[in-house]
Amino acid sequence: MADAAISSTAIPAAPAAARPVVGYWRNVGRRLARDPVTIVVSLVLLGIVCIAAFAPLVSTGAPFEGSVLHRLAPIGTPGHWLGTDEGGRDLWTRLCYGGRLSLLAGVIPVMAALCVGGGLGLFAGYAGGTVNSVIMRLMDVFYAFPSVLLAIAICGVLGNGFGNAVLALSIVFVPPLTRIAETVTAQTRRLDFVEAARASGSTAFQVMRHHVLPNVLGPILVYATSLISLSIILSAGLSFLGLGVTPPRPEWGVMLNALRSAIYVQPYVAALPGLMIFVTSMCFNLMSDGLRSAMDVKLDA
Amino acid sequence: MFQFAVRRLLLAVPVLFGVSLVVFALVHIAPGDPIDLLLPPEASPEVVAQVKALFGFDKPLYVQYFLWLRSALTGNFGVSIFNAQPVLGQLLVALGHTFLLAIPAAFLGFGLGVALGLTAALNHGRWPDKLCSAITTTGVSLPNYWAAIVLVLFAAVLHPWLPAQGIWPDGVPLLGQLRYLVLPVGALSLIPMGVIGRFTRATAIEVLNQEFVSALTAKGLTRLPVLRHVCKNAAPPVLALMGLQFGYLLGGSILVETVFNWPGSGYLLNLAIFRRDIPILQATVVVLAFFFVILNLVVDVAQAAIDPRLRR
C-alpha cells in the first residue's frame, strides 16, 4: 500500500483551474520540434529508411542483374541516372537495396548492446558492492581494446558474413553502454527520493521501474543514438575490408570496396556508396546532438 | 603521487591478464583448423601430426595458453604460419610504419581539434561556433576509409599531385618521403580532429560557465589571462581523451592502411586474418591492446599530476 501511495503522489494531482502539468517527455518533444537541424536530419533519415524499405518500388532495375556491356557508366546515363557499377548493375538500385543491410548492421548491434549493456549497467549500478566490481572489472578488460581493433579481430576469427559482423559490433558496444548505464544508475540511486521509496517499503523492482529507470533512460538513449553513427561506419568498414557482408549482396561498404579500383575510370560513381554511409552517420550524429540538448543530458566522453 | 601511480599500475595487471585470455580464447573459438590451410587435403595423418606438433596445436588448450603467454612475455610470439618468419620482427616493422602515420595524424588532429573547439566555445551560439561545430561533427561522421578514397580522388586521380599508394621505395629523399605521408595522415587525422574538437568545445563551455571566470573578469583581468585559466581547467579531461584517441589511431588505422596499401600493423592484421595466420593475429592484437592499456595508464597518471584532486 505504502509504495502505491508513493508512486501516485510522485505526480501531484493538478488543481482544477491550473494549467495541465506538462510531462518531461512532452517537453523534450516540444523542444525537438523547435530545433530546425533535428527536423531536417530526421526527414533525411526517414527518406533513407524509406528508400531502403521500399527499394523494389523506388529503384529502377534489379539489384543483381547487370550487363558487362554497360559497366561503369557515368552519372546521368539514360536509364541509369547514377551510373552503373563494375558489374554493369544499376547503381541507384544497388544503393537502395544496399541501405537495407547497411542500416540494419548499424542499428541491430546498438539495440542488442543496449539490451545487454544497459541491463548489466542498471544491475551493476543498482546492486553496487561486489556485483558492481565484478561486472565493471570484466568490462575493463574489453575496454583495453580499441573498438575498431576488437571488432575486426572478432569478425576476423569468426569469418565473414552479416551475422558475424553484427555479433562483433554488439560485443564491442556492450562495455561503453554498460559503463554509461552504471554511472547514471549509481548517481540516481544515491538521490533522496530513491532512498525515500526504499524506506517506505518499495521492492527493488518497483524502485527500479518507477524511480530509477525514468531518470536514467534519457542519458542512455542519447548515448545509444550517437553509437548508431559509429556502428554504421564500422559495419560498412568491416564489409569494406571483406569481413562483413559478402558480394554480390548489395551493402554500402561492399559496394565501396568493389568500386575502389574503378576510381580511375569513374571517380564520382565510385565515391557514391561512401557518400551514403557519410550522410547516414552524420544524420544520426546530429540527431543525437539534438536529443542531447533537448533532454539536457550531460555525458562524459 | 607516487602511491597513486603504483596503485594504478597494479590495477593494470589483471586487465592485461584478461586481455591475453580474451585474445587467446578468441582465436580458439574460431571455426576451421589453421592446419587445413597449410597442408593439401591429401596430406598423411603423420604429416598433419608433425606440423601440429611444430606449432604446438597438439597440446591441451590451457597448456597452449600458458606456453604462449610465457613466450609472449619474453617477446617471443612464435613464427608466422604463412612464411615461417619470426612474428616479432614483422610486427615491429609494421608497428614502426603505423607510428609513422599515427604520430603526425595525432598532432594534426589534436591541434586542429583544440583550435576549432576553443573557437567554438569562445563564440558560443554565434556563427563561428556553428561553423567549427559543423566541421568537427563532419569529422566524427566521416568514414575515414571513404575520406581516404576521396582524398586519393582529388589529390592523386583528378590532380596528380601526390602518390596514392604505399610507402616510399628505397632511395627516396626525405622531402619525397613526406609526400607519401600527406594523404594517409590527412585521412587518419579526421576522427581525432572531430572527437577532440567536440569534446574541447563542451568542456570549455562548461568551464566558461563556472563562477571563477566571472570573478576573474570582474577583478579586471583581460580576455587573454582569463582564457589561460580556462585552458588550464579544461586541459585534464581533454588530455585524457587525447590519450584514448591516440590508442584508437594505432588500433583503428587498419581501414586507412588498407586503402593506401600502407604496410603498417593494421595491414599486417588484415593479411593475417585472410591467411588465417594465427600467431601474427594474436601478436598484433595483443601488442596493440597492450599499448592501449599502457597509454591509458600514462594518461591517468599525467592527469593526476596536473590535477591533485584526481589522486584518490
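## Crossing of two helices between the chains

Helix 12 of chain A and helix 6 of chain B cross in a right-handed sense; a crossing has this hand if the near helix is turned clockwise from the far one by less than a right angle, and is left-handed if anticlockwise. The model is predicted, and its local features need pLDDT of at least 70, side-chain atom pairs count only at pLDDT 80 or more, and totals for chains, interfaces and linings use all residues. Residues are numbered from 1 along each chain as its sequence is written, while chains are lettered from A and ligands numbered from 1 in the order in which they are written.

The axes of helix 12 (residues 267-295) of chain A and helix 6 (residues 127-141) of chain B come within 9 Å, at a crossing angle of roughly 120°. Axes are lines fitted to C-alpha atoms, for helices over the stretch in contact, with angles from 0 to 180 degrees between N-to-C directions. The two helices are therefore oblique to each other, the term for angles that are not under 35 degrees (roughly parallel), over 145 (roughly antiparallel) or 65 to 115 (roughly perpendicular).

## Residues at the crossing

Helix 12 of chain A makes this contact through A:Phe278, A:Ser281, A:Met282, A:Asn285 and A:Leu286, and helix 6 of chain B through B:Thr137, B:Thr138, B:Val140 and B:Ser141. Residues are in contact if their C-beta atoms, placed from the backbone, lie within 7 Å. By class, there are 4 nonpolar, 5 polar and no charged residues here. Ala, Val, Leu, Ile, Met, Phe, Trp, Tyr, Cys and Pro count as nonpolar, Asp, Glu, Lys and Arg as charged, and the others, Gly among them, as polar.

## The side of chain A that touches chain B

In total, 34 residues of chain A are in contact with 41 residues of chain B. Helix 12 of chain A gives the largest share of the chain A side, 9 residues. By class, that side has 25 nonpolar, 7 polar and 2 charged residues.

Chain A has 12 helices and 0 strands; helices (H or I, at least four residues) and strands (E, at least two) are DSSP runs, numbered from the N terminus. Of its 301 residues, 48% count as buried, with 20 or more other C-beta atoms within 10 Å of their own.

The largest nonpolar core has 157 residues; such a core is a set of buried Ala, Val, Leu, Ile, Met, Phe, Trp, Tyr and Cys residues joined through C-beta atoms within 7 Å. Helix 10 of chain A gives the most to this core, with 16 residues. B:Ala289 is among the residues with the most contacts inside the core.

Conventions:
Contact = placed C-beta atoms within 7 Å. Buried ≥ 20, exposed ≤ 12 C-beta atoms within 10 Å, placed from the backbone.
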